[in-house]
Amino acid sequence: WKLLDEADISIGHNSSDYDNKRLNTRFIVHGMRLPRQYKTIDTLKLARSMFAFSSNKLDALGKFLGVGEKVEHEGFSMWIDCLKGDKKALLKMVEYNRGDVLLLESVYNVLKDGLKPTKQPKTGWK
């Protein structure tokens with residue numbers, strides 16, 4: 001909550017339609033006010049609206065763009081183990097989440113660079 005309340009921009013993958021709404025719900029459930037308004041850049045929406053990738057999943061974008069891939073994990077059982085307080089599972093979850101953040105940053109950097117207008121070469125024409 002504190003980071004979002006201080007943020008001007010939040011960047012995420014499917015964050016507009018999933019993460020932000022879930023976070024807001026949890027804030028309300030816990031009696032917290034919503035963070036102040038911030039801009040959201042959603043790399044899923046960006047990929048869908050500006051490009052024609054075969055898949056817009058974060059893992060697929062990372063692989064296609066050559067910037068990395070998601071950290072593998074055991075699936076839903078790892079989530080259950082985390083809820084049980086399993087320290088080994090929690091460490092794996094931290095590794096998985098850090099990998100997601102780094103992959104998201106790399107994918108975003110490539111996509112945003114693809115949106116910048118290219119400099120037109122000087123032709124001598126006026």
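Predicted model: local features only at pLDDT ≥ 70, side-chain atom pairs only at ≥ 80, totals over all residues.

**Helix packing and the pocket**

Tutor: Helix H5 (residues 76-83) packs against helix H6 (residues 87-115) at an angle of about 120 degrees, and their axes are 8 Å apart. Axes are lines fitted to C-alpha atoms, for helices over the stretch in contact, with angles from 0 to 180 degrees between N-to-C directions. Helices (H or I, at least four residues) and strands (E, at least two) are DSSP runs numbered from the N terminus.

Student: What does that make H5 relative to H6?

Tutor: That angle makes H5 oblique to H6; under 35 degrees is roughly parallel, over 145 roughly antiparallel, 65 to 115 roughly perpendicular and the rest oblique.

Student: Which residues meet there?

Tutor: From H5, Met 78, Trp 79, Asp 81 and Cys 82 meet Ala 89, Leu 90, Lys 92, Met 93 and Tyr 96 of H6, contact being heavy atoms within 4.5 Å.

Student: Switching topic, how much space lies in the largest pocket?

Tutor: About 940 Å³. On a 1 Å grid over the protein atoms alone, a pocket is an open set of points where a 1.4 Å probe fits, with protein on both sides within 12 Å along at least five of seven lines. The volume is the space filled by probe spheres set on the points, joined across faces, edges and corners.

Student: Which element gives the most to its lining?

Tutor: H2, with seven residues; lining residues have an atom within 4 Å of a point.

Technical notes:
Residues numbered from 1 in each chain as written. Heavy atoms only, no water.
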